[in-house]
Structures are given as C-alpha cells and as structure tokens.
Amino acid sequence: MPRLTHAVVLGAGMAGVLAASALVHVADAITIVEQDRLPERPTHRTGLPQARHAHVLWSGGARAIDQLLPGAIAGLLDAGAHRLGLPADIVFLSAHGWFPRTHEAQYAITCTRDLMDWRLREQLRQHQQVTIRDHTKVVGLRGDAKRITGIRVHDQASDTTEDLDADIVIDATGRGSRSRNWLTELSLPGIDTVREDVIDSGLAYSTRLFRAPAGATTNFPLVTVQPDVPTRGPARAALLVPVEHGRWLVTLAGTRGAQPPTDETGFAQYARHGVAHPIVADLIATARPITPIHSSHSTANRRLYVERLPQWPDGLVMIGDALASYNPIYGHGMAVAAYQCLALRKGLQSRGADQGSGRRLQRLVGRALQHAWDLATSVDIFYPHAGNIVPGRGDRARLAYVNRVIRAAMEKEHIAAAFFDAITLSTPPTRLASPRVLLGAARAPRVVPRDASTQPPITAAELRCFQGNDYPSPEADRHEPRGQLPR
C-alpha cells in the first residue's frame, strides 16, 4: 500500500502516543500536537487530571502495547514499575469473599500514570519521523464533510496560527474532544444527532500517595476491597497500588450516596469504616502521606457511535476516550486504547487511507472497544440513576451468572483463570461462556453476602506492615501458592 506522507495525531497522552506508534511503519512523517507543555520527567501535567488516581495496566493491554512499542513493558519495569501476578499477588476482597491467591493466570503492571506516559513518550521519540509539538492548540479541522485534509493550530508560545496538511488525522484528545463541534462546522450529515450512550454510576474518587513503610517497598501485593453487587445499594471500594520508588497510591471510591471525602480525617475514616474491610486503613496507618488528597468525578461510561453515521470523512479517526471512555474502576481504558491502535495499524497496512477508508477504519476501531464496553456497562447499569438504559431480564441474568462465575472461581483454579483472562482483556468475555466455565458456574452456590469477618490472605512478610493489628499469621511463605485449588 502507498505510504502516508504526513500523519497528525491530536493529543500526546497514552492513546496519542500509541496511535503514533501504530503509524511509524506506514507514514513518512508523524506530528503529535499537544496543548499542554509536556514535562521532561515523569511529573503531573494539567491536561491529565486523572493521572493522580490509581491506574492498573492489565496483561492484555500490556501485550498490546508491546506490539506497538516493542520493549515498552520491560522499560517500565526498569524504571520502577511493578509486575504483579493474578491472583498470586493480589489481596482481593470480592463481593463474595477473599479471593484465594493461587498460581498466576494473568498479571498487572502498576506504576503512576505519570511514569507510564513519560516512559512510552520517550521511547516513541526514538523514531526519527515523529515530531511532538507541545503548547500548541488545535483550533479546527481542514477539509470538508467528505475528507479531512489537515488541521489548523495555534502555537501558544509564539502566538501564531498555521495550517498543517495531513493524509490522516487521529483524534486522541480524550473526553474533551471537539471533533463533533468541528464536524458540525463542516456540515457532516447526522453529526448533531449521533447516538451517544452515557452510563454513569455516580462514582467519585479520592486519592493520596503514600511512602510505603520499610519492608513493603518491593514485592508488595495490590490490595483491593471491591464493592458489593450493585443491586444492594451504593458501592464503596478501596484500592492500594504499589508504584515506583517505594510508594503506595491509594484510591477510595464510592457511588452516589457513598462518595468518599477529601479531608484527611474523613479519608482515613472512610478507609476504615466506609468499605467492607479495614485492610487498606490498617496499611496506610503504617505509611507516610506525601501528597494532598485529590478527587475526581469524571468516571462515567460514555460512547459515541460515529461509525454508524451514514457518512464519515476520510482522513479522520477518533480513538481512545474521544470515542469511548469507561468507569476507571475496571482499569480498561489504557488496554482498550492499545487494542484500538493495533486495529488502526492493521487497517492502514491492509488498505491504506484510500477513498472510503475513514468509515472503514472507524468501524475497526469501534469493534476493538466492544468487549470492555460490555464488561463495564453490564454492571454499571444497575446503579440508581446511572442512565436511560433500564436493566432487563437478560441484564439481570447476565449479572447473576457473572456472580456465579466468581463464586466458582474461588473454588476452581481453571475458572479463576478464565475470570482473570476476561477482566484483563486477554480474551473476549465469551471465554466465560465456555462449557467448562458454564458447568462450574452451574455447580457453584448462589450469590451470598461475603463474610467480612474472615481474614485477608496475607503472608508473614506482608503481615509485618500492620504493626500489631489483629491478623492471624499465615502459614505459607510468600513464594508458595496460597490455598491451592482443585483443577
């Protein structure tokens, strides 16, 4: 296929960097345009407020990123990120009890979002055809409703405006994307009434970074207290994520009626009394806070169905949160962006950016997000006032089945493997409907409330971080499987 002369990517966040990575083998020159000033080291930037909160890169997304940027995950680990096996390295209180810490089925990469974005961006800079223009604002698309031919930008440093020609423009500007406004100005048919689904559980985040106590700076598990099933009232959750440089990133979460506070006393009390088990409160009582408490309410599931429009301009593709965003509690956003960029690369390598490519590429990208959308919304539609979609019998049956799968996964290791395959986006959710999983779920007990009085599956080394809290000493060493399940 003919190579692209010039490709432009809007946004230098995760989706934008991965999109540029997808273009390096099909484009002679790639320009990334970013409104923020990009930091020279892994620090916070204004245009990425969600970076302050907990992020987990599931193994499905990690493998996809490594296909786009070979060696990227190894580079993150070298820079201090953690690789945690699932369920071996997670202390996980589900809606049905503590999940056994058995053999690794999948894994998670944990670090701050600042480190992840910076490290991937620096690796991308090694490609000579990539130029990153920061502190530059996109003010519009050029072209017409049939084909986008470039963009107009305003350089905020020099206070000048110029046009950039492009064979293709990738919108990776996130939830604040203005593509709909710009396409309205270009009179694209149907753009004013394009279908948009919004399912908002009302989730709010409160997050703080801590210095981990001595002895817990390496090889410490991810700790999560998950909410009860959504039909039983507001959800409350706590998450402790080990990140680089011996720190813990702690996020408290709650839906409408149970949103976590942002003051110091309230934060500690919510971690201890607001969730189903005080394990996170006990841990942070041994740690030293090193940042203020930050909050976020930008957690709704939102999807635009632009690929269904009767016409879509060639030369424009929307990806990442510009196209669909998810409740971050499921940790799927970064993985989905990587899968979308793999789909974009495949589509460009097979047929290029010829006439009619815009709609074809947009459909490929849209299909790449479907699994994550189904997983997130199948739960969130049950929270009060979540949206205009009323759960039906089929939705209730699916939720009941997923709960049966989780119960079975706590007893059968092969079902646990299928469960973690699905939630890490390593396989499609249909993996949970395989004959062996169906049989195991059928034999599992019906959903029962978890017994919060039972103790978390922690090791002797991890136990020392609690400094005298009343937890029984585990018998197994950290390197031994916990509670091995029958296969």
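**View 1. Gly47 lies in the loop between strand 2 (27–33) and strand 3 (56–58).** The model shown here is predicted: local features need pLDDT of at least 70, side-chain atom pairs count only at pLDDT 80 or more, and totals for chains, interfaces and linings use all residues. Residues are numbered from 1 along each chain as its sequence is written, and side-chain values use heavy atoms, with hydrogens and water left out. Strands (E, at least two residues) and helices (H or I, at least four residues) are DSSP runs, numbered from the N terminus. Gly47 is partly exposed, at a relative accessible area of 46%; with a 1.4 Å probe and protein chains only, buried means under 20%, exposed means over 50%, and partly exposed lies in between. From C-alpha to C-alpha, Gly47 and Leu77 are 25 Å apart in space, and 30 residues apart in sequence.

**View 2. The second largest pocket has a volume of about 310 Å³.** Among the 18 residues that line this pocket, those closest to its centre are Thr112, Asp114, Leu209, Arg247 and Thr291. Two or more lining residues come from each of helix 4 (113–124), strand 14 (204–211) and strand 17 (247–254). Strand 14 gives the most, with three residues. A pocket is defined on a 1 Å grid over the protein atoms alone, as an open set of points where a 1.4 Å probe fits, with protein on both sides within 12 Å along at least five of seven lines; lining residues have an atom within 4 Å of a point. Grid points are joined across faces, edges and corners, and the volume is the space filled by probe spheres set on the points.

View 3. Strand 20 (residues 301–304) pairs with strand 22 in the antiparallel sense over two bridges; two strands pair if DSSP finds at least two bridges between them. Arg303 stands opposite Ala324 in strand 22.

**View 4. The structure holds zero disulfides.** Cys111 is in no disulfide, and the nearest cysteine sulfur, that of Cys341, is 18 Å away. A disulfide is counted where a pair of cysteine sulfur atoms lies within 2.5 Å. Cys111 is buried, with a relative accessible area of 1%. Cys341 is also in no disulfide, and Cys341 is buried, with a relative accessible area of 0%.
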